[in-house]
Amino acid sequence: MSTQEDALPRTYDAHAAAARYYPRWEADGCFVGDPHQPGPGFSIVIPPPNVTGSLHMGHAMDNVLQDILVRYKRMDGYATVWIPGTDHAGIATQLVVTRALANEGIDRHDLGREKFIERVWVWKAEYGARITHQLRMLGVSCDWSRERFTMDDGLSRAVRHVFVKMYEEGLIYRDHRLVNWDPLGRTVLSDLEVEHEENYNGELFSFAYPLSDGSGEIVVATTRPETMLGDTAVAVHPEDPRYKHLIGQTVHNRLVDRHIPIVGDDILVDPAFGTGAVKITPAHDFNDFECGKRHDLEMISIFDEAATVNANGGRFEGLDRFDARKAVKQALHELGLTRGTKPHLMSVGRSQRGGAIVEPMLSTQWYVKMKPLAAPAIAAVERGYTRFVPRGWENTYFAWMREIRDWCISRQLWWGHRIPAWYCSSCDHVTVAQDDPEACAGCGGTALRQDEDVLDTWFSSALWPFSTMGWPDDTPELRKWYPTSVLVTGFDIIFFWVARMMFSGLHNMGAVPFHQVCIHGLVRDEDGKKMSKTSGNVVDPLITIEKFGCDAFRYTLAFHATQGGDINWGDRLVEVSSRFTNKIWQAFRYMSMNLEGYDPDQPATPSVYDRWILARAGVATARVRAALEEFRFDQAAQELHAFIWDELCDWYLEFSKPAIYGGGEARQAAQQTLVTVFGAVARLMHPIMPFLSEELWQRLPGTTGWVMQARYPRPDDPEWGSATDILHQVSGLQEAITALRRLRADMEISPKVAFDLSARGERAADLSRFADALAHLANVQSVSLLDGDPPEGAATAIATGLEMFIPLEGVKDLGAERERLAKEIGKAAKDVADLEKRLGNPGFVQKAPAHVVEGFREKLAVAQEKLTQLQASHEALGA
């Protein structure tokens with residue numbers, strides 16, 4: 001496989017590489033995890049996308065970063081598994097299929113529950129694989145043989161097991177209370193499934209309740225006049241002198257002919273706000289519900305499941321809630337009870353999925369007691385069993401967990417895990433069981449009816465880290481890979497999913513579900529705006545991949561994935577990455593076209609430049625590994641760029657040309673070095689750029705298998721050698737060549753003009769070792785060392801520990817060089833002054849970390865030395 005196949009094309013074909021390698025990787029089982037493999041385990045479970053979904057930039061970010069870690073750990077000798085799958089997405093899927101049926105003229109209620117669920121499974125079979133197919137387009141190396149679905153048999157069994165266990169422990173219970181109701185989906189929503197629309201243009205409507213004895217009135221204000229049909233009290237502050245004498249009396253709700261009490265409540269009522277009187281609708285407002293419980297008020301529901309007024313609304317029965325609002329206002333006006341309106345900005349809760357305005361409703365639902373579960377989940381993070389990266393997100397996690405309320409887990413849907421509770425028609429007993437019961441556990445009767453509701457989608461998702469590995473059975477997968485190693489996700493689901501997995505894992509497995517949680521930022525549009533369909537700024541990752549290739553797309557995500565930072569995404573970013581992939585390809589072509597006579601077994605003494613690039617490869621390896629271990633994907637990508645583009649392409653390939661074109665042992669040594677370095681490059685870059693790295697690997701002489709099966713480079717690999725002195729020397733050479741090139745550019749001296757160079761300083765002696773490189777890269781025809789003063793009439797180039805002088809006679813105007821040096825002296829003097837000012841600030845010196853202060857002192861010493869050298873060079877030119 002690792003032969004040089006056909007001639008290397010001029011450009012890298014990213015699409016051809018992806019099409020060539022991904023199916024072969026998958027067919028060869030490269031992604032399959034083995035729980036019996038020796039060595040440490042590394043595991044990730046994919047945040048399961050909705051089965052209704054299609055790939056968006058959030059998915060792309062999530063999965064590319066996960067794949068980078070998985071490929072890295074796989075190559076580093078870990079027994080690795082990355083478990084993929086999809087979520088059944090109860091509300092979203094039911095809405096999609098309901099709409100599809102509506103397009104056929106079918107109402108799901110006419111179809112019935114069983115037939116509807118059959119249609120959902122048909123839909124899932126047809127469209128459910130779309131998202132996983134799209135994930136493959138990202139090049140992700142999931143173990144597709146372990147793909148799971150939250151409604152498959154194994155996970156359904158786990159869901160029932162947990163429900164029954166927690167019910168028996170008293171952690172799951174049923175209660176009648178106020179809930180968030182979605183009238184469109186006709187289901188309850190958890191607090192997290194309600195999105196609040198701020199600055200909604202509402203109206204504050206005031207009206208009067210006449211006292212029942214006809215002695216006066218109390219004026220109240222509301223943004224929802226229709227709810228007065230369900231009012232069961234008016235509350236005032238017990239110490240308010242305007243109303244305290246009225247407490248215990250009643251007012252007359254004339255629209256429904258109901259007399260309701262005036263109650264004193266110092267918790268709900270602020271006497272300084274509005275009229276100091278508040279209408280109380282316990283069945284349709286959360287604050288009023290609590291007030292109703294305090295005063296034992298009647299709770300009258302006025303809406304049905306579609307938020308249409310029911311029989312309790314009297315003559316308004318059958319009206320939609322918003323139509324009822326208009327009708328109630330009109331009726332109050334006709335009775336002479338309106339007392340004015342004014343615009344009112346307010347926050348309105350909407351269903352996260354359907355977008356309908358949420359209606360608080362009284363309903364009997366199933367709940368999970370959260371306080372006993374939250375406490376260990378908080379402690380686990382406090383004690384470091386799970387670490388958030390960046391650490392700041394732990395505060396977000398703690399804030400929510402410490403204020404957590406009981407979780408409403410029942411949903412009035414047909415699609416989902418049906419609640420395993422059965423009601424007996426002969427007695428009041430509720431049978432909760434793992435398997436469908438044949439008789440009531442209370443009286444033995446057989447007339448049982450299963451609860452119609454299903455569980456919140458997040459209930460099954462909370463079990464994902466262990467249910468996907470075969471729990472509740474004791475499996476090799478659980479023994480090897482649980483707890484999982486890391487969860488990579490966005491901050492937006494810390495509450496929805498991360499927290500729920502934490503308490504579920506601790507409660508059911510006795511261990512945290514993951515050791516680390518890597519939180520990444522959002523991918524925004526070029527202007528920094530959040531992507532949304534309504535804004536029309538959504539980027540389709542597949543279109544970007546089609547345009548630039550998968551490697552460039554992945555590299556862009558990694559390069560800009562700063563910890564805690566968002567990405568302002570645009571094609572310009574990917575264009576830059578595409579140029580980088582092309583740069584790698586062209587460098588590889590240079591090597592490939594110059595391998596004639598290459599013999600890996602022929603002894604050849606490496607040059608100083610060969611040893612330098614090998615040593616730099618070792619340094620780059622250490623830095624890339626360190627970055628990946630700390631989830632600094634941006635630093636890993638940037639280090640690859642710095643090494644490949646700046647050091648390998650811009651410097652070593654140029655250093656190597658005299659040897660490559662000159663022949664002999666030097667050519668053989670350079671060839672061997674190039675093959676070694678490109679072998680390391682292919683392996684180092686593979687986690688980020690899998691297809692390009694495979695293309696290189698397959699064309700490198702001497703390689704075997706797939707690149708992901710090769711060992712990831714390590715800093716102590718013997719091929720890097722020990723060359724600290726050479727790193728220092730070549731660094732000085734690079735500075736010298738750069739300074740000489742800058743001098744030519746500043747003085748507009750043609751690169752074709754050869755220089756005789758004289759030099760002095762602590763690093764001057766090193767230059768004589770590099771006469772070949774100076775000749776090749778700076779057109780220096782000779783190098784001499786100075787002990788004394790610089791030659792007259794010479795231009796000066798400065799590098800660290802080095803002054804270089806080039807005679808200008810016959811080449812350039814000495815006056816122009818004096819002017820140039822004067823400008824350089826001005827810049828250097830300003831640098832010195834700025835650094836001295838900083839270090840002269842006691843606040844900075846005392847408060848800044850010691851290493852930062854020391855760094856500034858080192859910068860000052862270098863700047864002072866440069867200034868001194870420039871001033872001496874200026875004096876040497878004379879007046």
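1. Let's start with cysteine 30. Its sulfur lies 14 Å from the closest cysteine sulfur, the one in cysteine 142, and that is too far for a bond. The bond in question is the disulfide, counted here when a pair of cysteine sulfur atoms lies within 2.5 Å. Cysteine 30 is also buried, with 9% relative accessibility. (Buried means under 20% relative accessible area, exposed means over 50%, and partly exposed is in between, using a 1.4 Å probe and protein chains only.)

2. Before going on, a friendly reminder: this is a predicted model, where local features need pLDDT of at least 70 and side-chain atom pairs count only at pLDDT 80 or more, while totals for chains, interfaces and linings use all residues. Residues are numbered from 1 along each chain as its sequence is written, and side-chain values use heavy atoms, leaving out hydrogens and water.

3. Now look at cysteine 443. Its closest cysteine sulfur, in cysteine 424, is 3.5 Å away, which is still too far for a bond. Cysteine 443 is partly exposed, at 43% relative accessibility. The structure as a whole holds 0 disulfides.

4. Next, find serine 461 in helix H12, which covers residues 457-461. (Helices are DSSP runs of H or I with at least four residues, strands are runs of E with at least two, and both are numbered from the N terminus.) Serine 461 counts as buried because its relative accessibility is 2%. Its side chain makes a polar contact of 2.4 Å with the side chain of aspartate 87. (A polar contact is a pair of N or O atoms within 3.5 Å; within protein, one must be able to donate a hydrogen and the other to accept it, and residues adjacent in sequence count only if both atoms are side-chain atoms.) Setting aside neighbours within four places in sequence, serine 461 is in contact (heavy atoms within 4.5 Å) with Asp87, Trp497 and Met501.

5. Finally, compare two partners of helix H21 (residues 664-685). The axes of H21 and helix H18 (residues 571-592) come within 11 Å and cross at roughly 150°, so H18 is roughly antiparallel to H21. Among the residues that meet here are Phe588 in H18 and Phe678 in H21. For H19 (residues 608-629) and H21, the axes come within 10 Å and cross at roughly 10°, so these two are roughly parallel. (Axes are lines fitted to C-alpha atoms, for helices over the stretch in contact, with angles from 0 to 180 degrees between N-to-C directions; under 35 degrees counts as roughly parallel, over 145 as roughly antiparallel, 65 to 115 as roughly perpendicular and the rest as oblique.)
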